[in-house]
Amino acid sequence: MGDSHKSPKEAKDVSLEELKDRLAQFARVRGWEQYHSPRNLLLALVGEVGELSEIFQWKGEVERGLPNWTPDDKEHLEEELSDVLLYLVQLADVCGLDLGQAALAKILKNAQKYPALNPSTISTYK
């Protein structure tokens, strides 16, 4: 955690392992570990997904990159996405799972289940 003095905007390529370690320390120094059961973390995660959903609820379709969003709207979205990610990382940690490896394994499994399109048919999906 030698880079903890850097602002979040200066940090590059943050690993899930670093997030997991920082979250564990954050909870430990506040005495919150006792509340971080898998069930409690899952319920907190669901609540945060609800807050994330509220941001998009009445916007209809939005363009990639959110070109019509204000900086404040984008910051709010960043915060809610971060809450979801952090609870997900904590939940995996408390369950003793390696979320990064699990995600890579899932991508491989999905690649087998859903083979790549033939290049000649891709243009019909655009």
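Is K20 buried, exposed or partly exposed? K20 is partly exposed, since its relative accessible area is 23%, and buried would mean under 20%, exposed over 50%, with partly exposed in between (1.4 Å probe, protein chains only).

## The model at a glance

This is a predicted model, so to speak of local features takes a pLDDT of at least 70, side-chain atom pairs count only at pLDDT 80 or more, and totals for chains, interfaces and linings use all residues. Residues are numbered from 1 along each chain as its sequence is written, and side-chain values use heavy atoms, with hydrogens and water left out.

The protein chain has five helices and zero strands, taken as DSSP runs (helices are H or I, at least four residues; strands are E, at least two) and numbered from the N terminus. Of its 126 residues, 14% are buried.

## Salt bridges around K20

Five salt bridges turn up, each one a side-chain nitrogen of Lys or Arg within 4 Å of a carboxyl oxygen of Asp or Glu. K20 pairs with E17 at 3.2 Å, N to O. Both sit in helix α1, three residues apart, or about one turn of the helix. E17 is partly exposed, because its relative accessibility is 46%.

K20 also meets D93, at 3.9 Å, N to O. That pair ties together distant parts of the chain, with K20 in helix α1 and D93 in helix α3, 73 residues apart. D93 counts as partly exposed because its relative accessible area is 30%.

Elsewhere, R28 and E33 form a salt bridge at 4.0 Å, N to O. Shared partners join E17, K20, D21 and D93 into one network.

## The second largest pocket

E17, K20 and D93 show up again here, among the residues lining the second largest pocket. A pocket is an open set of points on a 1 Å grid over the protein atoms alone, where a 1.4 Å probe fits and protein lies on both sides within 12 Å along at least five of seven lines; lining residues have an atom within 4 Å of a point. This one holds about 170 Å³ of space.

Helices α1 (16-30), α3 (71-94) and α4 (99-113) each give two or more residues to the lining. The lining splits into five nonpolar, two polar and four charged residues.

## A nonpolar surface patch

F26, W32 and Y35 make a nonpolar patch on the surface, with about 330 Å² of accessible area together. Patch members have over 30% relative accessible area and no salt bridge, and nonpolar side chains are joined within 5 Å. W32 sits in the loop between α1 and α2 (38-56), and is partly exposed because its relative accessibility is 38%.

Technical notes:
Points joined across faces, edges and corners; volume = space filled by probe spheres on them. Nonpolar A, V, L, I, M, F, W, Y, C, P; charged D, E, K, R; others polar. Patch = residues over 30% accessible without salt bridge, like charges linked within 9 Å, V, L, I, M, F, W, Y side chains within 5 Å. Areas by Shrake-Rupley, 256 points an atom, 1.4 Å probe, with all protein chains shown as cover.
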